[in-house]
Structure formats: structure tokens, C-alpha cells
Amino acid sequence: MQTRKLVEQSMTADSTTAPGTDAEPHASNEPGGDIHYRSPLLDIAGAVPATGPDLGVADHYGDPLREQREAERGAAVVDRSHRGVIRITGPDRLSWLHSITSQHLNTLPAMRGSEALVLSPHGHVEHHLMIADDGTTTWLDVEPDTTDALLAYLASMRFLLRVEPTDATGARSVLSVLGPAAVDAVTSALGPLDRPLPRPGGGAGGGAEVSGADGDQLAQGLYPLAATSATATGRQDPDVAGTLVRAMPHGVDLLIPRPELTTTVERLQSTGVTLAGVSAFEALRVADRRPRLGTDTDHRTIPHEVGWLSTAVHLDKGCYRGQETVARVHNLGRPPRRMVLLHLDGSTVSRGVPVTVGGRVVGFVGTSAMHAVLGPVALAIVKRNVADAAALVLDDPETGEVAASIDPAGRV
């Protein structure tokens, strides 16, 4: 079980306090899980634990707005080690993933990354996959507590193909380095990479350009990969090989051996990188209108509503589960709902709060965050016909009614 594996592995990591050993066991959303993961970085002075889908890592380390600002003007490392990691080996791995996901993957070059969706037969989003292929192994990192369900689906689709999907969450962790100096910071801290990665053009965005990507770009992988020298030496054991570095719009993602989690963060900090909580990552993600599975989506979400057509869906590839809905809605050009960025009056609100216009419910709030520049913001799913100029009210039982307005720029 994923969470128990995380706890067991973390007890052998470079932390003096084993995750899960000082926490009360409680129910997990993961099938069969009974203890939540606890990152060793929560033992750092000032760490404030996150809640909800980010339970197990730090929300911030004492000053969340300062952490955001550092991510926008320099480099900040965020602990995302609660994400699930799946390792897929075998010569058929890419053609197999190509046939069962929304992405064109059978020609994905080595050392490229991508993203893909697993859809229901009716085209609703069930899983969102971040992908990194190093030439011999395809690595997937996914939302916390979705690993078991995704592995069960992958196992059901293996048939006689030469593929081996396994849960690598206990062996690998995800860190994200945000900001314009992300690539240089990783190089300074972890040593030379085996190939150059694009540098960000400015702001908090990374070097991987995804806006306006066409089918050819999707098939070649939107996100370049590089490896640290330890990875490049070709160690035989994939669990102890070095770090993969994936260029992303927010900076870079690091896929590191889990026992090296604390050490890697310390090395980054020693070069001037700020340690930031997951709230910094979330605030910048909201401002960039990047959706998150399970938080900004529900059981009815189709890719068109949240902007995943531009990054996770190849519109010209062959048949896969849910493709009929994708093609039909794309050709008609009228998805029933859309994701919008909201500016909130005064405070953030809870996930799932209804969005109303004139007393009528027209949608729901996904992620809500306090942005260092924009103030309180949120992503919301609303009906397609809700006007950008509509006066919205969010009825949060904890904070009361909150007025909100739609940011019309960059509509999804």
C-alpha cells in the first residue's frame, strides 16, 4: 500500500524523525491505507503542516508570502514528496501508454517529458499523469492517494504486452524548484547536467514553453529532461540512480531517490535557494491557471473545460478510451463548463464552495490561495454561459459570503 510504503521508506531516509511515527493513525483516502505520509522536512523549524490533498508536507515555513516572492524573483524549492511515483519498464511501455491514455507517446524521444490523462468511457478525467522517460524507464508522478487506483487500471490493461508497472513511491520523491533561477540553482547544487535545459524567460515560469503547442510538439514531449552526473553514469539499480530534472512552466521538477530528500534540499539551500511550502506552489499555479486533479476537477470534468487540451491531449492520435467525447466536444467547440480565475474580495474560501450569480448556483471553487501580488484568488469551474462581467458570490460556511470577479485574461 502506497502510504505504508512511504512511511517504511522514510524511516531509512536521512531524517532523525521517521514520518508517521509521531502522528496518530487516521483514515486515508487511499484504498487500504491507514497512516498518512509525513515528510522529514516537517521537522524543520517553522514548518507548518499542510492539510487536505497536501497532507504530509509543509504548507509554509513561517512566511508564505515571502516564500512566493523568492520563487518569483529567484529560486525556491518545494517539497512535493507526497506525490505518488510509478515506474514502468519494458520495450512496449510507450506504445502501451499511447494506446490507453490521451497523449501521443509511442514516438516520445528519450529524455523528454509529457503529460497525459486517463479518461472514463464517457470522456471524464480519471487520472492526470506527469511523465518522464529516460530511455529505458517511464516514470509517472501523480496526485497523492491515486497511485493504487492507477496501478490497478494499468495492471488490467497489460494483456500480453512487455510492460511492468510498479509502485516506486517508496523509492522516489518529487521536488519542484520554482523561479527564473531554477535551472542554474539545480546545476550549482547538484552538479553539471548531462545536457542543457532551457532557462526561464522571466517571472516564476520555467523554461518549458507550452502555450500554443501543436500536435508535433506534443508527440515530441513538451518538457525536456536532463540527468545529474549520478544518473548519467548509468547505475544499474533504478532505485538508487541519481536525479532526473524535468523543465516545467514553473521551473523544474526533480525526481530524486527518496533517501536523499533532505540532503538534496540542504544542498539547494546552501546555494541560496529558498525553502518554500506547497502554498507557494499552489498560489503560483492558480495565477497561471493550471488545474489540479481532484481539487479543480470533479467526476464530470472533461479535458476541454480546464485547458488540458493544450498539454495532455493529442487530438490527432488513434483510438483510446473516452476519445469519442474529446473529438465531439472539440468539433462542436462548446464544452458545458469552463475554468476561470477569480479575484476574491477579502479572503480565500474553502474548496467546493458554490459559485452563485443572483442566488443561482453556477459552479464551484477549486483551489483558493493568497497570492503575494494578486491577493486572494481562486480557480473555479463555472457554466459556459456565465459572463466575465458577472457579479459572483461565494457562499462559504466558514467565512460567510465573499464577492468575486472573473479575470477575463487568458480564458480557458
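**Helix packing, strand pairing and a loop residue**

Helices α2 and α9 are oblique to each other, a class left for angles that are not under 35 degrees (roughly parallel), over 145 (roughly antiparallel) or 65 to 115 (roughly perpendicular). The model is predicted, so local features need pLDDT of at least 70 and side-chain atom pairs count only at pLDDT 80 or more, while totals for chains, interfaces and linings use all residues. Residues are numbered from 1 along each chain as its sequence is written, and side-chain values use heavy atoms, with hydrogens and water left out.

Two packed helices are described by the angle between their axes and the distance between the axes. Here α2 spans residues 64–73 and α9 spans residues 278–287; their angle is about 60° and their axes lie 9 Å apart. Axes are lines fitted to C-alpha atoms, for helices over the stretch in contact, and angles run from 0 to 180 degrees between N-to-C directions. Helices (H or I, at least four residues) and strands (E, at least two) are DSSP runs, numbered from the N terminus.

On the α2 side, the contact (heavy atoms within 4.5 Å) is made by Pro-64, Glu-67, Gln-68, Ala-71 and Glu-72, and on the α9 side by Ser-279, Ala-280, Ala-283 and Leu-284. By class, this contact of α2 with α9 has five nonpolar, two polar and two charged residues. Nonpolar covers Ala, Val, Leu, Ile, Met, Phe, Trp, Tyr, Cys and Pro, charged covers Asp, Glu, Lys and Arg, and polar covers the others, Gly among them.

Helix α9 is mostly covered, with 10 of its 10 residues buried; buried means under 20% relative accessible area, exposed over 50%, and partly exposed in between (1.4 Å probe, protein chains only). The buried residues of α9 include Phe-281, Glu-282 and Arg-285. After α9 comes Arg-289, with a positive phi near 60°.

Strand β12 (residues 251–257) is also mostly covered, as seven of its seven residues are buried. Strand β9 (residues 172–178) pairs with β12 in the antiparallel sense over seven bridges; two strands pair if DSSP finds at least two bridges between them. Strand β11 (residues 244–248) runs antiparallel to β12 and is joined to it by five bridges, and β11 and β12 form a hairpin with two residues between them. Val-252 of β12 is the bridge partner of Val-177 and of Ala-247.

Thr-228 sits in the loop between β10 (223–227) and α7 (229–232). Is Thr-228 buried or exposed? Its relative accessibility is 5%, so Thr-228 counts as buried. Apart from neighbours within four places in sequence, Thr-228 is in contact with Leu-190, Pro-192, Leu-193, Gly-242 and Thr-243.
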